[in-house]
Amino acid sequence: MDKKIILVTGAARSGKSEWAEYLAKISQKPVIYIATSSVDEKDQEWCDRIERHRQRRLPQWQTQEIPRQLSETIDNSPFTHCLLIDSLGTWVANCLEMSAAEWLEISDRFLSSLKNAAVDVILVAEETGWGVVPAYPLGRLFRDRLGDLCRRIGTIADAVYLVTGGHALNLSQLGQSLSIIGQ
C-alpha cells in the first residue's frame with residue numbers, strides 16, 4: 001500500500017492548518033490528529049487558539065497530544081490511517097533544550113520514521129527565516145532547526161505546499177527539489 005508524506009508550510013495565520021485538515025479529510029481515511037502542543041490553562045489566548053482548531057476537526061477524528069514522541073507515533077500508527085501532525089514548529093520548540101547531538105539523533109530518527117512510514121502523514125510547519133535574523137541565540141537556534149528540518153522533509157515528501165495569501169501552492173509541481181544537487 002502506498003503511503004504519502006505531505007508537508008504544508010506557511011506563515012502565521014496563513015491557513016496552513018486548514019489546508020492540511022482539508023487534505024486529511026479528502027484522504028477518505030480515518031484521521032489521527034497529532035497535536036504537538038499541550039494545553040496551558042494559564043494561557044487563555046493559547047487555549048482559545050487550540051479551541052478554534054478543535055472546532056474545525058471532524059468529530060470522528062481521533063486527537064492525541066504528542067509533544068515529543070513523533071517517531072514512535074508514526075511507527076505505531078495503523079497503515080489504514082492518515083496522521084495529521086500540527087505543528088513541527090511547536091515540536092522543535094519542545095526540543096530546544098536538547099544539545100546539538102541529541103537534536104540530530106531525534107530529528108534523524110523522525111526522518112527515518114517518515115521514510116519508512118506505513119501510514120499517510122501530513123505535516124504542518126511554520127515558515128521562519130523570511131525576516132530579520134533573530135537577535136537572540138535561542139531564536140536563531142529555533143529558526144535554524146525548523147528550517148533545516150523542513151528542507152530535509154521536503155526532499156522526501158510526495159508533495160510540499162506553501163500556503164500564503166489565501167492560496168495553497170503545490171511547490172512540488174511548481175519548483176525543483178534541491179535533492180538533485182550533488183547527484
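Author: One term before we start: contact means heavy atoms within 4.5 Å. This is a predicted model, where local features need pLDDT of at least 70, side-chain atom pairs count only at pLDDT 80 or more, and totals for chains, interfaces and linings use all residues. Residues are numbered from 1 along each chain as its sequence is written, and side-chain values use heavy atoms, with hydrogens and water left out.

Reader: Thanks! Which residues is Thr9 in contact with, leaving aside its neighbours within four places in sequence?
Author: Those are Lys16, Ala125, Glu126, Glu127, Tyr161, Leu162 and Val163.

Reader: And where does Thr9 lie?
Author: Thr9 is part of strand E1, residues 5-10. Strands (E, at least two residues) and helices (H or I, at least four) are DSSP runs, numbered from the N terminus.

Reader: Is Thr9 buried or exposed?
Author: Thr9 counts as buried because its relative accessibility is 4%. Buried means under 20% relative accessible area, exposed over 50%, and partly exposed in between (1.4 Å probe, protein chains only).

Reader: How far apart are the C-alpha atoms of Thr9 and Ala20?
Author: They are separated by 9.3 Å, with the two residues eleven apart along the chain.

Reader: New topic: where is Asp40 found?
Author: Asp40 sits in the loop between strand E2 (31-35) and helix H2 (44-56). Its relative accessible area is 34%, so Asp40 is partly exposed.

Reader: What about Leu169, where does that lie?
Author: Leu169 belongs to strand E7, residues 167-170. Leu169 is partly exposed, with a relative accessible area of 34%.
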